[in-house]
2 protein chains.
Amino acid sequence: MTKSANAPVRHATMRERNLAVVLEHVARHQPVTRARLAELTGFTKTTVSNLVALLEGAGLVRDGAPVHEGERGRPGVGVSVRGDGAAGLGLEVNVDYLAACVVDLARQVRYRHVVSADNRGREPGAVLAALSALADEAVAAAAGQGLAVAGAAIALPGLLDREGGVVRHAPNLGWTDVPVAGAPGLAAALPAEYDNEANLAALGELWFGGGARFGDFVHVSGEIGIGAGIVVDGRVFRGAHGFAGELGHLVAEPAGPVCSCGGRGCLEQVAGQEAMLRAAGLPATRPAGGPGGSVGRLVERLEAGDAAALGAVSRAGRALGGALASVVNLIDPDTVVLGGVFSPLAAWVRPPLEEVLAGGPGSLRRGVPPVEVSGLAEGAAVLGAAGLVVERVIADPALLL
Amino acid sequence: MTKSANAPVRHATMRERNLAVVLEHVARHQPVTRARLAELTGFTKTTVSNLVALLEGAGLVRDGAPVHEGERGRPGVGVSVRGDGAAGLGLEVNVDYLAACVVDLARQVRYRHVVSADNRGREPGAVLAALSALADEAVAAAAGQGLAVAGAAIALPGLLDREGGVVRHAPNLGWTDVPVAGAPGLAAALPAEYDNEANLAALGELWFGGGARFGDFVHVSGEIGIGAGIVVDGRVFRGAHGFAGELGHLVAEPAGPVCSCGGRGCLEQVAGQEAMLRAAGLPATRPAGGPGGSVGRLVERLEAGDAAALGAVSRAGRALGGALASVVNLIDPDTVVLGGVFSPLAAWVRPPLEEVLAGGPGSLRRGVPPVEVSGLAEGAAVLGAAGLVVERVIADPALLL
DNA sequence: CCCCTTTCGTAAACAGCTTGGACTAATTAA
DNA sequence: TTAATTAGTCCAAGCTGTTTACGAAAGGGG
């Protein structure tokens, strides 16, 4: 029930907005002349010069080498986002790892660090302390490259109160009502933001993966649970309370196993990572990721033609296809993107999935959206988190003077 | 893949936006003084005076009787939306009726006309001609009240190409690729807009029903088919191609009857109006609406305790509850609103519906959204259509000079 | 090699919009 | 009748993008 865009516009508002417009074009077209920016934005050359001067003063962009675009005429100077200016810090808490990464304003990944850890049994406090340490390392590493971290976004696997920074319920982590915002360490000194792992993974896909090519898309992000991030017009669709896209508890098999949510036959119980491993006869223990992890071993068995593995994954694919048919009917995306564990398993998951999906809402629409595979796999959420911070800066550069 | 709000802001943009801000507050607080508008909007009194003068010049608002708000001091003059100024025309084509209505800028319904007609078997051309005649009547009636119709919005039951004004597929009407935009008659002379009946019914609920109270809501609009309109932040969520909210083809009973869409056990085949009537042993012929129609007779039987009727509606309720569990998981609304045929049947549909819904995504979230009943019933879509035109004018009064 | 054309960037004057403060108008309380 | 209070307007000022003009830096043609 957020108030819609109904605010009065004053001169200052105009400036802020236009600064953002120019900065966004600079970030997207990297070394770009003022003249070209004028074409791109529709502003006059004068206005572009003024706005760029302000962005330069704020340390966000910098004049670089001359750029010669046409045949004749004076070359322009290339304006670029400062690689040594502001940066975004992305953090992620997941069931079997912690991760941090730093992304500069040009959306280049400048630092990345993943630590395997079994967070399932640990005290939330200990996990957050470890995360804080990771964040400190990242900020230090960024500083070593001349980057000033402007803020942080933290990806968490579960339902949360984003404003308050509280993890309401993360069943796979065993957390209930854990305040993250009040965590010790450096995180407190930075403006921080909290979001669902699924949402941030979708944003990661948007900014660091197939992004624009996918249009409005639904990114299925299966790790332990199964979530989905819904991207519409370059923004995450969150619903009224931020819980939109909870794919994992759609009913896949009405007569299926009982789920921890109280329902029966939830998608997660059929197509979740643990369910697949169990059905394939593999132990569902950590470490799950990596080529030597559980999923890696599942892939090995699939490649070897193991019947149990093939059956498990095929069943998961069909269940996922059914759930995605509902998603397509309700959300109507341009594309469906398979991420998380489904990315390495795509070769086996996709055929049954597409078969079921095509049979669902078939004739009522002009076909079914294409199902693509994410190339980011498990790193998507941290990237999305860091990218979100960058996005905030680009969307409102006026905050940095 | 619409471009997001990334446009440069000039002085003219600022004006347009601010005119809209003031006009919206005038429409919402009806007779309101300039001083109060200044408080509400945050503008200075000077700016409000200037903006109101422009709106007055455009014929959108008018100075009225003095308003005395405080105890002491000079009374202000009440600014109101002109009831004799611009108005919006809403039109609706449905399976068993045509409808038109006119709404003024204050969102008062000034004219309303519904014509029963079996449009299922008729030529699209004949239906559109009848609609045109209805539109002409409505415009004339509006003119008689001093209202100038500024535009029209047309509600259509099916999937459509909104930009082109083409009905792609309306199974219950038997239409495929029928161009509505090129229809003869008055519609061509007015700026017209086309939208799904479900979307417009949701907007009708927003502006003429429980609206703001519902927050972000999903409005289930069952007539012959079952659609849903998703309202987020006061706007309809349409998805990438405008097909979002197609509730009718979610799978309700996997082993259920085959649907015209090619699927099996679609919600529409269980909880659709015709399916309920059939299961209750009633003929599914028109006229369906009204106390004497098929639905009216179904209500009579329910009130009489007829077992077949009770069973049919209960089954429909459970199916709808299952589908809504998916909706809640994916869309996360504040409220679910039952409209269309489900409105008169709510007393019998809601209990089983809520039972199933509560058992679905229960523990993962803080409860399930409340299920409310629309008071508008079948008139919602036309009202929403007319309201949409009014909304367009209020959102951009600069279009009217 | 010189000059003309083309393009880039900036400077100064200009125009549109909101703001701020002063001023007039209308009403109530004393 | 007078003082206090609130509403609305007028006019100067400030901020911001636009227009016009001009100097700077290249390449092409003679």
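This is a predicted model: local features need pLDDT of at least 70, side-chain atom pairs count only at pLDDT 80 or more; totals for chains, interfaces and linings use all residues.
Biologist: Which residues come nearest to DNA strand D?

Modeller: There are 31 residues around DNA strand D, and those that come nearest are A:Arg74, B:Ser49, B:Gly73, B:Arg74 and B:Gly76. By class, the surface near DNA strand D consists of eight nonpolar, 13 polar and 10 charged residues.

Biologist: Now DNA strand C: how many residues surround it, and which are the closest?

Modeller: DNA strand C is surrounded by 30 residues, the closest being A:Ser49, A:Gly73, A:Arg74, A:Gly76 and B:Arg74.

Biologist: Which elements supply at least two residues each of the surface near DNA strand C?

Modeller: From chain A they are helix H2 (34–41), helix H3 (45–57) and strand S2 (76–81), and from chain B helix H1 (11–29) and helix H3 (45–57). H1(B) gives the most to the surface near DNA strand C, with five residues. This surface has seven nonpolar, 13 polar and 10 charged residues.

Biologist: What does the UniProt record say about residues 22–62 of chain A?

Modeller: An unreviewed UniProt entry annotates residues 22–62 of chain A as "domain: HTH marR-type". In the model, that span is 71% helix and 5% strand, and its end C-alpha atoms lie 13 Å apart.

Biologist: Let us turn to the two protein chains. How many residues of chain A are in contact with chain B?

Modeller: On chain A, 50 residues are in contact with 50 residues of chain B. Helix H1 (11–29) and helix H10 (307–331) of chain A each supply at least two residues of the side that touches chain B. H10(A) gives the most to that side, with six residues. The residues on that side of chain A divide into 20 nonpolar, 22 polar and eight charged.

Biologist: Why do the copies meet through the same surface?

Modeller: Because 100% of the interface residues of chain A are also interface residues in chain B, the copies meet through the same surface.

Biologist: A change of topic: in what order do the strands of the five-stranded sheet in chain A lie?

Modeller: The order is S5-S4-S3-S6-S10 in an open sheet of chain A, and the pairing is mixed. Strand S5 (109–116) and strand S10 (192–196) of chain A are the edge strands, each pairing on one side only. From one strand to the next, the twist averages 15°.

Biologist: How many bridges join S3 and S4 of chain A?

Modeller: Strand S3 (residues 86–93) and strand S4 (residues 97–104) of chain A are joined in the antiparallel sense over seven bridges. Within this pair, A:Leu91 stands opposite A:Ala100 in S4(A).

Biologist: Which helix packs on that sheet?

Modeller: Helix H12 (residues 380–395) of chain A packs on the sheet and touches S3, S4, S5, strand S6 (148–156) and S10 of chain A. The direction of H12 makes about 145° with that of S3(A).

Biologist: And the sheet S7-S8-S9 in chain B: is the pairing parallel or antiparallel?

Modeller: The pairing is antiparallel, and the three strands form an open sheet in the order S7-S8-S9. Strand S7 (159–161) and strand S9 (175–179) of chain B each have a single partner strand, so one side of each is left without a neighbour in the sheet.

Biologist: What about S8 and S9 of chain B?

Modeller: Four bridges join the antiparallel strands S8(B) and S9(B), with B:Ala170 opposite B:Trp175. Their hairpin also has four residues between the strands, and B:Gly174 in the turn has a positive phi of about 80°.

How values were computed:
Residues are numbered from 1 along each chain as its sequence is written. Chains are lettered from A and ligands numbered from 1 in the order in which they are written. A residue is near a molecule or strand if its C-beta atom, placed from the backbone, lies within 6 Å of it. Ala, Val, Leu, Ile, Met, Phe, Trp, Tyr, Cys and Pro count as nonpolar, Asp, Glu, Lys and Arg as charged, and the others, Gly among them, as polar. Two residues are in contact if their C-beta atoms, placed from the backbone, lie within 7 Å. Two strands pair if DSSP finds at least two bridges between them. UniProt positions are given in the numbering used here, feature names are shortened, and annotations may be inferred rather than shown by experiment. Axes are lines fitted to C-alpha atoms, for helices over the stretch in contact, and angles run from 0 to 180 degrees between N-to-C directions.
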